[in-house]
Amino acid sequence: MTAPEHFLLPTYARAEIALVRGEGVWVWDDAGRRYLDFTSGVGVVSLGHAHPALAAAIAEQAKTLMHGSNLFRIPQQELLAERLCRLAGMEGAFFCNSGAEANEAAIKLVRRAAHEAGRKNPVILALAGSFHGRTLGALAATMQARMQQGFEPLPAGFRAMEAPTEAALDAAWDDGVAAVLLEPIQGEGGVRPLPVEFLRAVRRRCDAAGAWLVLDEVQTGMGRTGAWFAFEHAGIQPDAITLAKGLGGGFPIGALLARGELAQGFAPGAHGSTFGGNPLACRAALAVLEAMDKEQVPAHVAQLGEIVARELEALAARMPCIREVRGRGLMWGLELDREAADVVAAARKEGLLVLTAGSKVVRLLPPLVLTEEELMEGLARLGRALERACGIS
Ligand SMILES: *Cc1c(COP(=O)(O)O)cnc(C)c1O
């Protein structure tokens with residue numbers, strides 16, 4: 001007999017545990033073991049597991065109208081678009097179902113708007129080490145050889161910037177550049193915050209050259225860094241942003257928000273999605289926004305972020321295996337001198353779930369609603385896991 005797991009294409013190296021239930025920052029596996037979840041399902045379950053208001057909103061909407069298609073008006077979608085645009089200083093939204101799809105929409109929007117403006121071969125600049133998703137367009141903008149390898153030919157029209165510096169921006173720039181696509185903090189690439197000075201320089205360059213700045217806030221958006229959106233920390237306004245992970249609190253939904261010329265880039269029929277922005281997904285995201293407002297989540301995250309910074313620096317000071325601590329809000333990376341997978345495994349033994357970002361970075365993305373007490377408990381468990389994995393006792 002072939003066990004059911006052998007019927008999955010092997011895209012993931014999965015841990016040998018199956019999660020079956022969650023509540024707040026805690027999850028349980030099928031053997032009844034309890035873990036503190038500092039992964040949030042990779043930055044998704046921002047309100048924690050089984051949030052009562054979110055679960056109730058989804059259940060109620062499922063019983064009322066789950067899907068009706070974009071051939072008709074969808075009041076929940078209109079409301080969500082308005083709320084997000086007002087929060088992000090944008091003028092229009094397009095909804096889809098994932099981060100990669102949101103970036104595909106952004107790529108198509110930039111190209112279409114460039115063509116409208118008479119620019120024939122628009123180039124999109126992206127940064128070395130970026131991650132924008134697994135679909136072919138998003139993958140072409142993902143400047144990591146290990147992710148692109150074997151999937152050639154990739155779509156043309158993307159160019160790498162080698163480092164987050166003005167010199168690298170100059171080196172990559174020419175008249176063909178229509179847009180720059182950046183994560184304010186690179187997530188999958190190792191939790192690398194871009195210097196705010198660099199983000200401001202890119203903004204200035206785009207303004208001077210008539211190019212657009214598109215920020216991929218799929219991981220950093222929706223309160224993760226202690227502001228609604230990470231671009232706020234740099235005091236700049238992008239022309240478009242993409243959102244997904246935390247937007248639906250666990251329900252799949254992605255979004256592209258745009259303003260100015262980019263908000264005029266699509267006409268009816270230019271782009272679309274069967275499921276995108278359906279009543280159920282939008283109702284979930286509206287419930288997330290409402291709960292985040294009520295619980296003042298961005299401010300809470302900013303406050304906890306200060307504590308994490310202090311505690312992780314203290315850990316790094318006594319553990320030579322930690323090379324660097326990077327992050328903001330509740331998005332952190334510990335760069336190690338060894339394989340991060342060993343720490344992830346040791347943490348699991350301590351009843352703590354954490355992520356990697358590349359081979360040597362341990363990544364923390366806890367639910368945004370965790371209490372200071374839960375945070376300290378998680379960091380204590382992480383400390384013990386690091387001691388074990390780094391051979392300190
Ligand atoms: C996760 C992620 C994506 C891809 O999102 P999917 O929903 O997996 O397609 C894109 N960009 C960033 C910055 C991400 O972190």
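With a relative accessible area of 28%, R338 comes out as partly exposed. Its salt-bridge partner is D337, with 2.8 Å between N and O. Keep in mind that this is a predicted model.

**Salt bridges**

- The total for this model is 19 salt bridges.
- In the D337 and R338 pair, D337 also counts as partly exposed because its relative accessibility is 30%, between the 20% and 50% cut-offs.
- R203 and D207 make another salt bridge, again with 2.8 Å from N to O.
- Both sit in helix α8 (residues 196-209), and being four residues apart puts about one helical turn between them.
- What about burial in that pair? R203 is buried, at 9% relative accessibility, whereas D207 is exposed, at 53%.
- R326 and E335 form a salt bridge too, their closest N and O atoms lying 2.8 Å apart.
- Here both partners, R326 and E335, are buried.
- R326 and E335 also belong to a salt-bridge network that takes in R192 and E324.

**Strand β7 and its partners**

- Strand β7 spans residues 177-182, and six of its six residues are buried.
- On one side of the pairing list is strand β5 (residues 123-127), which runs parallel to β7 and is joined to it by four bridges.
- Within that pairing, V177 of β7 stands opposite V123.
- β7 also pairs with strand β10 (residues 212-216), in the parallel sense and over four bridges.
- There, L182 has L215 of β10 as its bridge partner.

**Around the ligand**

- The ligand is surrounded by 13 residues, and the closest are G99, A100, D216, Q219 and K245.
- Sorted by class, that shell holds three nonpolar, six polar and four charged residues.
- Which helix gives the most to the shell? That's helix α4 (residues 99-116), with three residues.
- A ligand nitrogen, meanwhile, lies 3.3 Å from a backbone N or O atom of F131.
- As for cover, the ligand taken alone exposes 380 Å², and the protein buries 81% of that.

Technical notes
Residues numbered from 1 in each chain as written. Predicted model: local features only at pLDDT ≥ 70, side-chain atom pairs only at ≥ 80, totals over all residues. Heavy atoms only, no water. Near = heavy atom within 4 Å. Polar contact = N/O pair within 3.5 Å; in protein donor to acceptor, adjacent residues only side chain to side chain. Areas by Shrake-Rupley, 256 points an atom, 1.4 Å probe, with all protein chains shown as cover. Helix = DSSP H or I, 4+ residues; strand = E, 2+ residues; numbered from the N terminus. Nonpolar A, V, L, I, M, F, W, Y, C, P; charged D, E, K, R; others polar. Buried < 20%, exposed > 50% of the residue type's maximum accessible area, 1.4 Å probe, protein only. Pairing = 2+ DSSP bridges. Salt bridge = Lys/Arg side-chain N within 4 Å of Asp/Glu carboxyl O.
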